[in-house]
Amino acid sequence: MVSIWDANVELKVDDRVHVIRNAREAVAFLKKYWPDNRGASYATAWKVCLDAAKGVVPAAEAQAAFEAAAKEAGILRQT
């Protein structure tokens, strides 16, 4: 079972807003929609979110890694 994150992570890519609610959605987004600028935080988020989707890593850790990667890529939507 994949835990829902405490707060949604909102991303803006190509004038489109994406709402990510858990590690499984994060993995799908990282694979399909992530921009080409994939830094070190991307690799960390990929691994941590995969592990969280398997239930090995806490949801909060995956959310933090995903947010850090989104911020580094410049797609984290600040509300």
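**Figure 1. Contacts that reach across the chain.** In this predicted model, residues 24 or more positions apart make up 48% of the contacts with a separation of 6 or more. Count up the secondary structure and you get 3 helices and 2 strands, laid out along the sequence as β-β-α-α-α. The radius of gyration is 11 Å, close to the 12 Å that the globule rule gives for 79 residues, so the chain is as compact as a globular protein of that length. The C-alpha trace spans about 30 × 25 × 20 Å along its principal axes. As for burial, 41% of the 79 residues count as buried.

**Figure 2. A look into the largest nonpolar core.** This core has 25 residues. The ones with the most contacts inside it are Trp5, Leu11, Ile20, Phe29, Trp34, Phe66 and Ile75. Two or more residues each come from β1 (4-13), α1, α2 and α3 (59-73).

**Figure 3. Phe29 and the residues around it.**

Figure 4. His18 sits in strand β2, which covers residues 16-22. Leaving out neighbours within four places in sequence, His18 is in contact with Val9, Glu10, Leu11, Val13, Phe29 and Tyr33.

**Figure 5. Two aspartates in the loop between β1 and β2.** Asp14 is in the loop between β1 and β2, and Asp15 is found in that loop as well. What do their backbones do here? Phi of Asp14 is near 55°, a positive value in a residue other than glycine. Asp15 also has a positive phi, about 60°, although it is not a glycine. Asp14 has a relative accessible area of 73%, over the 50% cut-off, so it counts as exposed. Asp15 counts as exposed too, at 73% relative accessibility.

**Figure 6. Where helices α1 and α2 pack.** Helix α1 (residues 23-32) and helix α2 (residues 40-53) pack at an angle of about 140°, with their axes 8 Å apart. Their crossing is left-handed. On the α1 side, the contact is made by Ala23, Arg24, Ala26, Val27, Leu30 and Lys31. On the α2 side, it's Tyr42, Ala45, Trp46, Cys49, Leu50, Ala52 and Ala53. By type, the contact residues come out as 11 nonpolar, no polar and 2 charged.

**Figure 7. Glu25 on helix α1.** Glu25 is found in helix α1. Setting aside neighbours within four places in sequence, Glu25 is in contact with Val19 and Ile20. How far apart are the C-alpha atoms of Glu25 and Cys49? They are separated by 9.1 Å, with the two residues 24 apart along the chain. Cys49 is one of the α2 residues in the helix contact of the previous view.

Notes:
Residues are numbered from 1 along each chain as its sequence is written. This is a predicted model: local features need pLDDT of at least 70, side-chain atom pairs count only at pLDDT 80 or more; totals for chains, interfaces and linings use all residues. Side-chain values use heavy atoms; hydrogens and water are left out. Axes are lines fitted to C-alpha atoms, for helices over the stretch in contact, and angles run from 0 to 180 degrees between N-to-C directions. Helices (H or I, at least four residues) and strands (E, at least two) are DSSP runs, numbered from the N terminus. A crossing is left-handed if the near helix is turned anticlockwise from the far one by less than a right angle, and right-handed if clockwise. Contact means heavy atoms within 4.5 Å. Ala, Val, Leu, Ile, Met, Phe, Trp, Tyr, Cys and Pro count as nonpolar, Asp, Glu, Lys and Arg as charged, and the others, Gly among them, as polar. A nonpolar core is a set of buried Ala, Val, Leu, Ile, Met, Phe, Trp, Tyr and Cys residues joined through side-chain atoms within 4.5 Å. Buried means under 20% relative accessible area, exposed over 50%, partly exposed in between (1.4 Å probe, protein chains only). The radius of gyration is taken over C-alpha atoms; the globule rule is 2.2 Å times the number of residues to the power 0.38.
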